[in-house]
Amino acid sequence: MQLPAVTIVIEWENAIDVADEWTRKAMGALQDELAATSRSFIARPRIMYLYDSGRVAPGTVEAALRTIAPRLGEFADVEVVPTPGLSYYKLKNYGIALSKTDLTVMLDSDAAPQPGWLESLLEPFADPEIMVVGGFTVLGTTDLLSRTMALSWVFNLPHQKEKTVKRSKIHVNNCAVRTDFFKAHPFPDLPSFKKQCVFWLRGITAQGFKFVRTADARVIHAPHPGPKFLAWRAWTGGIDSDFLGYQTVARSRPGRFFYAFGYFGRKVFRAWRNVVRHGGKVGLPVWQYPAAMAISLTYYLVTLAGQLSSVVRNNWTPLPQIYTGRPEAAV
């Protein structure tokens, strides 16, 4: 397969939090993937690592590249781009704004591409109507905590390829877009932590633009880095869930309150069902099932607490109907 010119945009925000081994795996895997596909490109790929200059010391990314992926520059033009205080989604918007190729890939700094990833991610663009392609992201697993979260998290499990392809979801740690299309439809700037991609996908599909997923473009994402991070992520996830519920389900406080408990019940049920049905597939011993269920319950109890706190404290503003499917004035 001959591959088109492409820019790969990688944020250096996740790399601040996760263990260094996962950043090394991601960077090394990208080098291997580019080495395997380099002769297929009609032009050298461009890779941009973008970071917040207020949080990352100058030279950090360059040092990692020299140590972990010293040959990456043989296969692509590699740039390290400091930005003034930009966070996750804004880093991606910024990077794609600098892209000059027809296609741009979004990859996270702690997501390791698996063999065949890039070809599989770009192949659907042979259809000129496809604007966005989503890949298949799975969580890495090493211990009880990471296996529990793999079973409880939003990502599908490695063996669930058919299931993930059918989902109308996108994970922007592993996706590709037509560059000009994305420049005209960047991620919205929302008062939530991780819901920009949800409303963005709702908006573009509501306008009739085509999106597909492929399970063959797989990356292994770093697991959550420990209990403290998980507690923070659960709390912010609760706030995000309240924002989502307000925009799509109920805008009254009683409605948001009931939505929070419904969300909690669905998430715990899914996590426990996955533990029982699929625990062995991620290496979880049967004797650890009760502990895994207790961990997932604790995680979603913290999420529930964050969501209920948001119901009390936050007065959200309705988004345009294109993002929510609901009239802006609905109550």
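What follows is a chat about the pockets, the cavity and some helices and residues of this structure.

Me: What kind of model is this?
Reply: It is a predicted model.

Me: How much space lies in the largest pocket?
Reply: The largest pocket holds about 1300 Å³. It is lined by 49 residues, and the closest to its centre are W153, V154, K194, K195 and R233.

Me: Which elements give two or more residues to that lining?
Reply: They are helix 1 (14–17), helix 5 (88–97), helix 10 (196–206), helix 11 (227–248), helix 12 (253–278) and helix 13 (289–313).

Me: And which of them gives the most?
Reply: Helix 11, with 8 residues.

Me: How does the lining of the largest pocket divide into nonpolar, polar and charged?
Reply: There are 25 nonpolar, 9 polar and 15 charged residues in the lining of the largest pocket.

Me: Stay with helix 11. How many of its residues are buried?
Reply: Of its 22 residues, 17 are buried, so helix 11 is largely enclosed by the rest of the structure.

Me: What span should it have at 1.5 Å a residue?
Reply: Helix 11 should span 32 Å, and its end C-alpha atoms are 31 Å apart, which agrees.

Me: On to the second largest pocket. How much space, and which residues line it?
Reply: About 160 Å³ of space lies there. The lining of the second largest pocket is W12, A15, I16, D20, T23, R24, T60, A64 and I68. Helix 1, helix 2 and helix 3 (60–68) each give two or more residues to it.

Me: What about its nonpolar, polar and charged residues?
Reply: The lining of the second largest pocket has 5 nonpolar, 2 polar and 2 charged residues.

Me: Now closed space. How many cavities of 30 Å³ or more are there?
Reply: The count is 1 cavity.

Me: What lines the largest cavity?
Reply: I10, W12, A26, M27, L30, Y49, L107, D108, S109 and A111. By class, that lining has 8 nonpolar residues, 1 polar and 1 charged.

Me: Where does the largest share of that lining come from?
Reply: From helix 2, which supplies 3 residues. Helix 2 (20–37) and strand 4 (103–108) each supply at least two.

Me: Which residues of helix 2 are buried?
Reply: W22, T23, A26, M27, G28, A29, L30, Q31, E33, L34 and T37 are buried in helix 2. A26, M27 and L30 also line the largest cavity, and T23 lines the second largest pocket.

Me: How many residues does helix 2 have, and how far does it reach?
Reply: Helix 2 has 18 residues and reaches 26 Å from its first C-alpha to its last, close to the 26 Å expected at 1.5 Å a residue.

Me: Which residue caps the N-terminal end of helix 12?
Reply: S252 does, with a side-chain oxygen 3.1 Å from the backbone nitrogen of G255.

Me: Switch to S310. Where is it, and what is it in contact with beyond four places in sequence?
Reply: S310 is in helix 13, and its contacts beyond four places are I239, D242, R256 and W316. The side chain of S310 makes a polar contact with the side chain of D242 at 2.6 Å. S310 is buried, with a relative accessible area of 0%.

Me: Last one, L201. Where is it found, and is it buried or exposed?
Reply: L201 is found in helix 10. It is buried, with a relative accessible area of 5%.

Me: What does L201 contact, leaving out neighbours within four places?
Reply: L201 is in contact with S168, K169, I170 and F211. The C-alpha atoms of L201 and Y323 are separated by 8.2 Å, though the two residues are 122 residues apart along the chain.

Note on methods: Residues numbered from 1 in each chain as written. Predicted model: local features only at pLDDT ≥ 70, side-chain atom pairs only at ≥ 80, totals over all residues. Heavy atoms only, no water. 1 Å grid on protein atoms, 1.4 Å probe; cavity = no way out; pocket = protein on both sides within 12 Å on 5 of 7 lines; lining within 4 Å. Points joined across faces, edges and corners; volume = space filled by probe spheres on them. Nonpolar A, V, L, I, M, F, W, Y, C, P; charged D, E, K, R; others polar. Buried < 20%, exposed > 50% of the residue type's maximum accessible area, 1.4 Å probe, protein only. Contact = heavy atoms within 4.5 Å. Polar contact = N/O pair within 3.5 Å; in protein donor to acceptor, adjacent residues only side chain to side chain. Expected span 1.5 Å × (residues − 1).
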